[in-house]
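Please keep the structure in view while reading.

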Amino acid sequence: MSERRLVRSVGVDRHFGALHPRARVLASQLPLTVLLAAGVAAAPAAWNLHLASAWGQAALALHAALFLACLLVPWQRFGPLASLVIPVLDLAAIGLSRVAAAEELPGLGVLSVLPVVWISASRLAPAAIVSLSFFGPLLAGVPWFFAGGVDDSPGRIATVSLLALMTLAVSLAMQFARAQLRRQQRRVESKEAELQALLAESRERERLLNTILDTVDVGIVAIGADGRRLLTNSWQARLEASAAPPSGAGPADPEWEEQLLLTGRDQSTPIPPGRRPLRRALAGESFADHLVCFGEAPGSRVVSTGAGPLKNDDGEFRGAVVVYNEVTGLVNALAAKEDVVATVSHEFRTPLTSIIGNLDLVLGEDLPLPVLRRIEVAQRNAERLLALVSDLLMSANSAVQVHPRKTDLAGLVEASLGSAQAHAQASRVSLGMDVPAPLWANVDPLRIGQALDNLVSNAIKYSPDGGAVTVSARTEGGRVLLQVADSGIGMTAADAARVFTRFFRSPAVRDGSIPGAGLGLSITKAIVEGHGGSITCSTFPGRGSTFTVELPADGHPAAF
Ligand code: ADP
């Protein structure tokens, strides 16, 4: 039996069990009463025979008494087995009816099946059910057996015993079916209990997840592959509400993200629909640290967004999760810090320029040698200070302005090596150049010259035991490759990964006596990226470093 059908039949049992005890007894008796009445109505001769014989009158009286008993006895006051007296007496009444009208209603004996079914469906012990199902119809057949003549006895013995065997078979089949049913029912119940437990566990997990989602200080949105929102935590709902247009439809609207007031880092340029975090995530992009401003300036909130795809077991894209982390405080603090650095550096520059100028003038005069040496030291240090202040000023400006024009890179490299010559000689470093002349590129000569100076001076500075520095350049597939290679101290891979970070100095250098502020390479990187190019570093401790600058030959500056 399929589980669904079983559940339905168990349901019927439950409905029957829910009936009032009297209604239940009546419902169990009704089929026999109806069949008897139908039989008598169909064969009026049987009715007359019943009325004519004492057996028949007794049978009718018993049938009627049993029906009334079903109707009038308060069965609820007795135990559940008390009503079984009815089917047992039904068997006796059928036995009496058979004596009266077996000829006209030959199927009367078969009606014994109905009380047997009733008994078999009861909660009586299985042995008692089986005994009653066999001996009940057998004993009920005794009066009919004796009512026949001696000649007829073999046939009647067979009829009575066959009927008893048949009711026994029916009862056994019912017992078997009930046992099956009970087993299946137990299985269904245990499955249902398992399901309930799983349901309770999943509800518990959902509650836990919701609590976590609503407690964390970041926004979380999950979207399905069709763009429908699966989840928006309360932090995110509040963030979106702060950037919502006055007549916005709400997060349920698939176009909701497009309606939000989202701008770029400048807090004024609206982010085009295709570059908004949810749209990018929906396109299958994984990203981190995509800065987006929510709401109108000056009160807009700067949020760092990141996304990752949701995949099913087959690796198919099923949606994405986008995380929003507010960094307004951090961004403001950084801006304030850069403001201070820029202001202080600017204020330093004017007096420093004046000091250097005046020292220059003094150096032109006829001075005693010791004084001259001291003034030269002062001038060198003032120049270093001015260079540092310039670097600080430049690194405080997040955008590097470049003005590209047709420039001969070979000339730039030559000039850079020329001005580094004295430094190289002092450090016993030989300088080499491998650049075809002329090598034209569309770059800002001032800025690229500055980047070259940084790389060359680093190459010399970080070759404290002497060595060789070579600058090479070539064009390759529409790009210009510029390399500055040295045979100096090199770096570990971990240092190389951070070398373009502002104020980074490798631990080996920091502990030594090589001066520096950790700004040169970050400025160089900003200059190169300002030209739409890139810079990389390959290095090994003790075996030198090679910095490679790649620039587009046509020199389109990147949009900063
Ligand atoms: P600075 O040289 O003033 O410290 P930079 O930004 O130019 O700052 O360089 C950052 C750091 O990278 C240096 O402190 C040094 O540790 C490392 N570095 C740069 N260039 C080289 C090089 N050619 N060889 C070895 N280390 C280098």
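## The antiparallel sheet

Strand S1 (residues 219-224) pairs with strand S6 (residues 317-326) over six bridges, in the antiparallel sense. Within that pairing, Ile223 has Ala320 of S6 as its bridge partner. This is a predicted model.

S1 and S6 belong to an open sheet of six strands, ordered S2-S1-S6-S5-S4-S3. Pairing in this sheet is antiparallel. Strand S2 (229-232) and strand S3 (262-263) form the edges, and each pairs on one side only. Helix H10 (residues 234-242) lies across S1, S2, strand S4 (287-294), strand S5 (301-311) and S6. H10 runs at about 95° to S1.

## The mixed sheet

Another open sheet has five strands in the order S8-S10-S11-S13-S12. Its pairing is mixed. Strand S8 (429-434) and strand S12 (534-539) are at the edges. Each has a single partner strand, so one side of each lacks a neighbour in the sheet. From one strand to the next, the twist averages 15°.

Which strand pairs with S11 over seven bridges? Strand S13 (residues 545-552) does, running antiparallel to S11 (residues 479-486). In this pair, Val484 has Phe547 of S13 as its bridge partner.

## Helices on the mixed sheet

Helix H15 (residues 409-426) lies across S8, strand S10 (467-476) and S11. The angle between H15 and S8 is about 175°.

Helix H16 (residues 445-461) also packs on the sheet. H16 touches S8, S10, S11, S12 and S13. Its direction makes about 25° with that of S11.

## A helix pair

Helix H2 (residues 21-42) and helix H6 (residues 113-120) have axes that come within 9 Å. The axes cross at roughly 165°, which means that H2 is roughly antiparallel to H6. The crossing of H2 and H6 is right-handed.

H2 contributes Val25, Ser28, Gln29, Pro31, Leu32 and Leu35 to the contact. H6 contributes Leu114, Pro115 and Trp118.

## Overall dimensions

The protein's secondary structure comes to 19 helices and 13 strands. Its radius of gyration is 51 Å, whereas a compact globule of 560 residues would have one near 24 Å. Along the principal axes, the C-alpha atoms fill a box of roughly 165 × 50 × 40 Å.

Terms used: Residues are numbered from 1 along each chain as its sequence is written. This is a predicted model: local features need pLDDT of at least 70, side-chain atom pairs count only at pLDDT 80 or more; totals for chains, interfaces and linings use all residues. Side-chain values use heavy atoms; hydrogens and water are left out. Axes are lines fitted to C-alpha atoms, for helices over the stretch in contact, and angles run from 0 to 180 degrees between N-to-C directions. Helices (H or I, at least four residues) and strands (E, at least two) are DSSP runs, numbered from the N terminus. Angles under 35 degrees count as roughly parallel, over 145 as roughly antiparallel, 65 to 115 as roughly perpendicular and the rest as oblique. A crossing is left-handed if the near helix is turned anticlockwise from the far one by less than a right angle, and right-handed if clockwise. Contact means heavy atoms within 4.5 Å. Two strands pair if DSSP finds at least two bridges between them. The radius of gyration is taken over C-alpha atoms; the globule rule is 2.2 Å times the number of residues to the power 0.38.
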